[in-house]
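Please look over the entry below before reading the notes. They are grouped by topic.

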Amino acid sequence: MRTLSRRQLLKAIPAASAIPFAWAANTAEPAPYGALPSAGQLLWHEKEFYAFLHFTINTFTDKEWGYGDEDPNLFHPTAFDAEAIVGHLKACGMKSVMLTCKHHDGFCLWPTKTTDHSVMNSKWRAGKGDVVREISDAARKAGLRFGVYVSPWDRNAASYATPAYVEMYRAQLRELLTQYGPIDEIWHDGANGGDGFYGGAREKRNIDRNTYYDWPRTWEMIRGLQPNAVIFSDVGPDIRWVGNERGIANETCWATYDPVGDKGGPASPGNVNAKQSMTGTRNGAKWIPAECDVSIRPGWFWHEKENAKVKTPRQLLDLYYQSAGRGAGFLLNVPPDQRGLLHENDVAALSGVGDLLKRTFARNLAVGAKITASNTRGANKQFRAEHLLDGNRATYWATDDGATESEITFEWKKPVTFNVIRLREEVRLGQRVEEFVVEVWQDSGWSAVGIGSSIGAGRILRLDHEKSATKMRLRILRSPAAPAISEFGLYLEAS
Ligand code: FUL
Ligand code: CA
């Protein structure tokens, strides 16, 4: 009997992918690539569109930043209704709500033991009110998650800029993280230090942004109290500021990120190179995806004079594409008014964008395609390309290691008409793909309709014109590790 060399043997066995319906068993998942998301970050990636509520004494004084000397009685919403507010957020598809529990003026919207400057000393609900309780209860009841914004800068606190204040700030966080159920996200603002009331001193106080708060210790405390919460600041550790307040991530936006300070050197909340935050760092050491915070109005707080300046549903949809459509989070601020309700104009804009989003993304028009993959990992069913169309982020198409340039072809019996393409990568395995192109078959050749680099948790390509095709392909042009793509969607933007 002739013995075959290993090379000849391999040649004699047909490539597994060429054998129809003979799926192999027990192929290992691709090895994770680079920095990876935590369990909390994976949950965060699913939120995509969620609300910020800027609400405090500023709502009644027509200010954006309170000085810190305001009388607590100024806080007097006449018809505060947490369930009504949350109901509007839920109706437009938002998945969570983050409340300014304390803004820079130091007024606490919950009955804190750490300061007198709170709802306890306001006549609103005879000092028995608790905005944090009502919003968090309403959120939970409606199936939304709840997050807290707690300003590190406190223009009311006499102790601000001394070590005692850092303890007070931690005590405030401890109250919020232990008395209001599961917290989804904790927001540390980057605005730190400057003029303030400071218990009557009325002076300017500056702090060293890199050292004063001893952030690592605070974050460790948060982890102990709410292990699944993600922590946001200019530099993470879990979610990073996108570097602007316009709600826009860069077209290429990596979830990995190595923050650097404004002038180089170490970064910290309030000291970061914001331009870099828009893009992140390819192959950065940590998974710190971007969050795009933007207000539905020019200001963060409600002002009568801005009632006519609420963004339109189309503008909000644009922002959705430029944030959630680039792998980032879309944190849209909708500030309650002096009644303690969302203003009618804001409600109309929310419902408008909610409707556009729902109608646009209701159905993946690619479903029903005949799919052919240039390579399927281990010829295993677990990694087959059909997973791209099942609407489930947890199932994905992957290739063999080494098959980093690969393609999927979709064919339909009738032409599919679309102008929006959405891709998702299996981010549990890291951010892998570096370059891809989507092409349609026209006449007798392929023509590119969209190209991109980062995919991540969600990447949307919006085309200038509608396209119709009976045949398309997705080509992964560059990926340092076998691609792992969980979704491919085609949509027609609702009019
Ligand atoms: C900024 C703050 O100074 C604004 O008032 C607002 O809260 C925004 C979300 O963050 O840094
Ligand atoms: Ca899938």
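The model is predicted.

- Distant parts of the chain are linked by the pair D390 and S486, which are 96 residues apart; D390 lies in the loop between β13 (370-373) and β14 (397-398), and S486 in strand β19 (residues 484-491).
- D390 is partly exposed, at 36% relative accessibility, whereas S486 is buried, at 1%.

**Nonpolar cores**
- The largest nonpolar core has 93 residues, and F75, L89, V131, I135 and L332 have the most contacts inside it.
- Domain 1 (6-30 + 364-491) and domain 2 (39-360) each supply at least three residues to this core.
- Beyond its neighbours within four places in sequence, L332 is in contact with residues including F49, Y50, F52, M94, V294 and L350.
- A separate second core has 29 residues, among them A366, I371, V416 and I455.

**Strand β15 and its partners**
- Strand β15 (residues 406-425) is largely enclosed by the rest of the structure, because 14 of its 20 residues are buried.
- β15 runs antiparallel to β13, with four bridges between them; K370 stands opposite E411 in β15.
- With strand β18 (residues 459-478), β15 pairs in the antiparallel sense over 13 bridges, and S406 stands opposite I476 in β18.
- Six bridges join β15 to β19, also antiparallel; here E425 stands opposite I485 in β19.

Note on methods
Residues numbered from 1 in each chain as written. Chains lettered and ligands numbered in written order. Predicted model: local features only at pLDDT ≥ 70, side-chain atom pairs only at ≥ 80, totals over all residues. Heavy atoms only, no water. Helix = DSSP H or I, 4+ residues; strand = E, 2+ residues; numbered from the N terminus. Buried < 20%, exposed > 50% of the residue type's maximum accessible area, 1.4 Å probe, protein only. Core = buried A, V, L, I, M, F, W, Y, C linked by side-chain atoms within 4.5 Å. Domains from an automatic or database assignment. Contact = heavy atoms within 4.5 Å. Pairing = 2+ DSSP bridges.
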